[in-house]
Amino acid sequence: MIKFEQKLRGNVSLSVNPIGCKQEIQNQINYVKEQGAYEGPKKVLIIGASSSYGLATRISLAFGAGADTIGLSFEKGPKSEKNLGTAGWYNNIYFKQAAEKEGLIAKNFVQDAFSHETKQDVIRYIKKEFDGKVDLVVYSLASGIRFDPDTGERISSVIKSIGQEVVGPNVNMQKQEFYEQTLEPATEEEIEDTVSVMGGEDWLLWMKALKEADVLAEGIQTVNYSYLGSDLNKPYYGEGTLGQAKADCEVKSAKINELLADINGKSTIVVATAVTTKASSVIPFFPVYCMGLYRVMADKGTHETPIMHQDRIYRKMLYGNHPEYDEEGRLRPDSWELDPEVQAETEKLINKINADNFNTDLTGYSIFLKEFANLSGFQVEGYQEEEITLEELQALEY
Ligand SMILES: NC(=O)c1ccc[n+]([C@@H]2O[C@H](COP(=O)([O-])OP(=O)(O)OC[C@H]3O[C@@H](n4cnc5c(N)ncnc54)[C@H](O)[C@@H]3O)[C@@H](O)[C@H]2O)c1
């Protein structure tokens with residue numbers, strides 16, 4: 001029997017509990033079903049579908065709106081009892097099993113979204129097996145590297161400030177340590193590379209390829225998840241390399257709107273709230289911002305996990321009657337996070353957090369830790385131990 005144990009290196013998870021991932025998927029499905037059914041898109045492509053925001057999007061659309069979905073991700077399967085692969089691998093599998101049980105199509109592609117070949121593989125599938133068209137394309141990718149689709153050059157993104165060094169507190173979940181971190185400013189090349197990896201270029205390439213292949217339905221919508229944050233994280237996010245990449249997504253969104261005009265399509269930047277994910281846990285200082293924010297929002301009853309947030313976005317906003325847009329035309333479900341009272345209380349609390357109290361109930365550290373563990377199938381509500389062998393895990397089909 002395989003013993004599943006949570007292992008971390010810094011704020012990166014090194015292990016997975018596949019049975020816990022299965023239960024976590026079920027919990028998210030249950031959440032969506034409790035909210036009831038809603039009218040939404042029926043044929044959806046999600047790029048970056050295997051964890052957090054992309055996965056939550058997929059679960060809400062499938063189990064709330066009855067959508068058939070194609071999910072694209074880059075994940076690793078089980079090699080040995082010590083190397084069981086990544087959580088996203090199992091999320092893909094257990095999502096598919098649950099969706100198919102309800103008669104929905106759930107196709108998984110596990111390959112590099114940045115490559116031209118992947119785009120063509122997905123297009124071929126849409127034409128042959130997905131009724132020829134999609135009516136929503138969600139771009140929810142988070143990656144540290146991109147291989148240039150034309151030259152094969154390896155490009156790395158960095159999470160750095162721009163122009164000046166930033167010093168601030170961070171936590172190391174592996175060592176349960178609160179420490180001071182210094183972030184060096186990025187070079188021009190690093191900024192450019194981060195925009196190439198995390199900006200909107202690949203999204204635009206996807207939309208161009210899909211349009212050219214005539215697989216976008218009349219009235220197609222496409223969505224890209226952004227983060228703007230507040231003054232509390234601007235020095236290392238909004239005004240840093242990631243902020244530049246997100247600004248590039250807005251430029252590309254305008255181009256996509258032009259591209260889709262003749263089929264009445266629409267591109268939307270959705271500014272999503274701060275949540276605990278594989279990607280956000282490694283943003284310097286961000287976990288401490290979350291510890292403050294989560295405490296304040298949990299006490300007010302407005303703290304959301306990815307499934308709660310995405311379900312609200314699709315049900316109430318994008319396909320509902322309560323969208324909140326800003327003057328730039330961006331959808332702003334992050335208004336709860338950016339509420340001035342929430343921000344003021346968060347700032348006050350963050351200023352009080354120190355090495356002696358960071359892991360007490362004064363902060364939202366326990367919320368962050370549990371949500372982080374859930375991402376890899378640990379500490380999942382309703383979890384029941386199940387015996388499963390490596391061979392059985394390897395036989396699971398994605
Ligand atoms: N986490 C937050 O607080 C937050 C807030 C607002 C917006 N966002 C945005 O949401 C988006 C998704 O972020 P997340 O936090 O859910 O990340 P995540 O790491 O949980 O998920 C990233 C997804 O991208 C996939 N992926 C990565 N590289 C790939 C590749 N080369 N080919 C195919 N798939 C690949 C992964 O398999 C996974 O499905 C990002 O654009 C992020 O900036 C996140």
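## Ligand shell

The ligand is surrounded by 29 residues, the closest being Gly-48, Ser-52, Ser-73, Ala-113 and Thr-277; a residue counts as near a molecule or strand if its C-beta atom, placed from the backbone, lies within 6 Å of it. The model is a predicted one: local features need pLDDT of at least 70, side-chain atom pairs count only at pLDDT 80 or more, and totals for chains, interfaces and linings use all residues. Residue numbers start from 1 along each chain as its sequence is written.

By class, the shell holds 14 nonpolar, twelve polar and three charged residues. Here Ala, Val, Leu, Ile, Met, Phe, Trp, Tyr, Cys and Pro count as nonpolar, Asp, Glu, Lys and Arg as charged, and the others, Gly among them, as polar. Helix H2 (52-65), strand S4 (68-73) and strand S11 (216-226) each give the shell at least two residues. The largest share, three residues, comes from H2. Helices (H or I, at least four residues) and strands (E, at least two) are DSSP runs, numbered from the N terminus.

## Overall fold

The protein chain contains 13 helices and twelve strands. Its radius of gyration is 20 Å, close to the 21 Å that the globule rule gives for 398 residues, so the chain is as compact as a globular protein of that length. That radius is taken over C-alpha atoms, and the rule is 2.2 Å times the number of residues to the power 0.38. The C-alpha trace spans about 60 × 55 × 45 Å along its principal axes.

Of the 398 residues, 48% are buried. A residue is buried if 20 or more other C-beta atoms lie within 10 Å of its own, exposed if 12 or fewer, and partly exposed in between, with C-beta atoms placed from the backbone. Among contacts between residues at least 6 apart in sequence, 77% join residues at least 24 apart; a contact requires C-beta atoms, placed from the backbone, within 7 Å.

## Strand S11 and its neighbours

Eight of the eleven residues of S11 are buried, so this strand is largely enclosed by the rest of the structure. Strand S6 (residues 134-139) pairs with S11 in the parallel sense over five bridges, and Val-137 has Thr-222 of S11 as its bridge partner. Two strands pair if DSSP finds at least two bridges between them.

S11 also runs parallel to strand S12 (residues 266-271), joined to it by six bridges. Gln-221 has Lys-266 of S12 as its bridge partner. S11, helix H7 (residues 241-260) and S12 form a right-handed β-α-β unit: with the strands pointing away from the viewer, the path from the first strand over the helix to the second runs clockwise.

## The S9-S10 hairpin

Strands S9 (residues 166-172) and S10 (residues 177-183) pair in the antiparallel sense over seven bridges. Pro-169 stands opposite Glu-180 in S10. Four residues lie between the strands of this hairpin, where Gln-176 takes a positive phi near 50°.

Ile-350 is in helix H11 (residues 340-352). Ile-350 is buried, with 20 other C-beta atoms within 10 Å. Leaving out residues up to four places away in sequence, Ile-350 touches Leu-232, Val-288, Tyr-289 and Gly-292. Ile-350 and Val-288 are 62 residues apart in sequence and 7.2 Å apart in space, C-alpha to C-alpha.

In helix H12 (residues 365-375), the buried residues include Tyr-365, Phe-368 and Phe-372. The buried residues of H12 pack against strand S2 (12-13) and helices H1 (18-35), H3 (87-101) and H8 (286-300). Just after H12, Gly-377 takes a positive phi of about 85°.

Technical notes: Contact = placed C-beta atoms within 7 Å.
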